[in-house]
Number of protein chains: 2
Amino acid sequence: MAGAIDFYFDFSSPYGYFASMHIDALARDLDRSVSWHPILLGPMFKITGSAPLTQIPLKGAYSRHDMRRTARLHGIPFREPAPFPISTVTAARIMLHAQDAWPDRAIPFAKQVLHAYYVDNVNVGDAEHALRIAEESGMNIDELRPAIASDALRMRLRAENEAAVARGVFGSPFIIIDEEPFWGFDRLDMIRRWAAESGLPG
Amino acid sequence: MAGAIDFYFDFSSPYGYFASMHIDALARDLDRSVSWHPILLGPMFKITGSAPLTQIPLKGAYSRHDMRRTARLHGIPFREPAPFPISTVTAARIMLHAQDAWPDRAIPFAKQVLHAYYVDNVNVGDAEHALRIAEESGMNIDELRPAIASDALRMRLRAENEAAVARGVFGSPFIIIDEEPFWGFDRLDMIRRWAAESGLPG
């Protein structure tokens, strides 16, 4: 099997959620695994001078309409999240810790967090909600509580985010395959086109 | 035939150029005509707090790569334009004047300007280059010279741009079909999907 697909997403990115619903099918078609990377858009927006989509004049109204339309056209369950955006620091830290401590639990946790936020409108920015989902995902919550408050995990998330920026990541979803970067949910079709041109499976 | 597809583009937008190469096929599939609207991104960027793509940290490098890749994957002739971006005031004014004075010349002019800039690397921001293309497109240049310097056409372009903003337009390409807005070249596939869902031809 060729190298993994690097899938970067912020839990507070609706288009990242949409991509999470299609990434497994894409990986299957390309005969690859997926490496999930939770990122924080905040520090990236500082670099690019951007802001949460819904807060930008004109783009805000468009993006709210487009999110609902995109979900509908792709058959993805979706309720407009509120509050939006939320802090995703806790969810990201839990996922990073899980990738080391309970690797088989990390992706199911991410999927449950996304489902809770974008379908059930649970505020997963609330640490207690994030921890409850972690527990339901089979993680040891007594180990997790001190871990997510630790300097080690705080620095780890910051380093992961900086490593993403160093690879050119500035948005969510952001997908890198063999160093080829793709930004945005609407680029999944392009990835298949690019793969075909490159002679890859898919 | 149903209402026209409204196609908004800035001559200095590579993705607007890409869309211009596909818009006729899309219109044919949807059994519609196309109404071309030259816009100026500058005033829109002031509203959204945006900037020319290539000048944004991280996004700049990505977008330059993505433009070349998009052109290649879609078989669209393209040389990275330089200088970039350029002022497109003159080209937009010529097109607006032509839409009144010589309506059958307006779209061929737009296509020739885009080809000159994105294939032959002619700086169409230079008024003399824009006027030469107008002349080659069969326009009366002795009428055009005073017109493009007139307050009337200056105000007309400003009003057209403000009308676009009032409809929610903030980028290029921007396509509106039956009041449904679509931003970006990579949304042309979505338009077909949306049309199918809406029971339209296509």
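User: What is the bridge partner of B:Tyr8 in E3(B)?
Analyst: In this predicted model, B:Tyr8 has B:Phe174 of E3(B) as its bridge partner.

User: What makes strand E1 and strand E3 of chain B a pair?
Analyst: Pairing requires at least two bridges between two strands. Three bridges join E1 (residues 5-9) to E3 (residues 174-177) of chain B, and these strands run antiparallel; the strands therefore count as paired.

User: Why do strand E2 and strand E4 of chain B stand at the edges?
Analyst: The open sheet has the order E2-E1-E3-E4 in chain B, with mixed pairing. E2 (34-38) and E4 (180-183) each have a single partner strand, so one side of each lacks a neighbour in the sheet. Helix H4 (residues 89-101) of chain B packs on this sheet, touching E1 and E2 of chain B.

User: Why are H4(A) and H5(A) called roughly antiparallel?
Analyst: Their axes cross at roughly 155 degrees and come within 6 Å. Angles over 145 degrees count as roughly antiparallel, and the two helices are therefore described in this way.

User: Which residues of H5(A) make the contact with H4(A)?
Analyst: On H5(A), the contact is made by A:Pro103, A:Ala106, A:Ile107, A:Phe109, A:Ala110 and A:Val113. Counting both helices, the contact residues comprise 11 nonpolar, one polar and one charged.

User: How do you know whether A:Ala116 is buried or exposed?
Analyst: A:Ala116, in helix H5 of chain A, has 8% relative accessibility. Buried means under 20%, so A:Ala116 counts as buried. Beyond its neighbours within four places in sequence, A:Ala116 is in contact with A:Asn121, A:Val122, A:Val124 and A:Ile133.

Methods:
Residues are numbered from 1 along each chain as its sequence is written. Chains are lettered from A and ligands numbered from 1 in the order in which they are written. This is a predicted model: local features need pLDDT of at least 70, side-chain atom pairs count only at pLDDT 80 or more; totals for chains, interfaces and linings use all residues. Side-chain values use heavy atoms; hydrogens and water are left out. Axes are lines fitted to C-alpha atoms, for helices over the stretch in contact, and angles run from 0 to 180 degrees between N-to-C directions. Helices (H or I, at least four residues) and strands (E, at least two) are DSSP runs, numbered from the N terminus. Angles under 35 degrees count as roughly parallel, over 145 as roughly antiparallel, 65 to 115 as roughly perpendicular and the rest as oblique. Contact means heavy atoms within 4.5 Å. Ala, Val, Leu, Ile, Met, Phe, Trp, Tyr, Cys and Pro count as nonpolar, Asp, Glu, Lys and Arg as charged, and the others, Gly among them, as polar. Buried means under 20% relative accessible area, exposed over 50%, partly exposed in between (1.4 Å probe, protein chains only).
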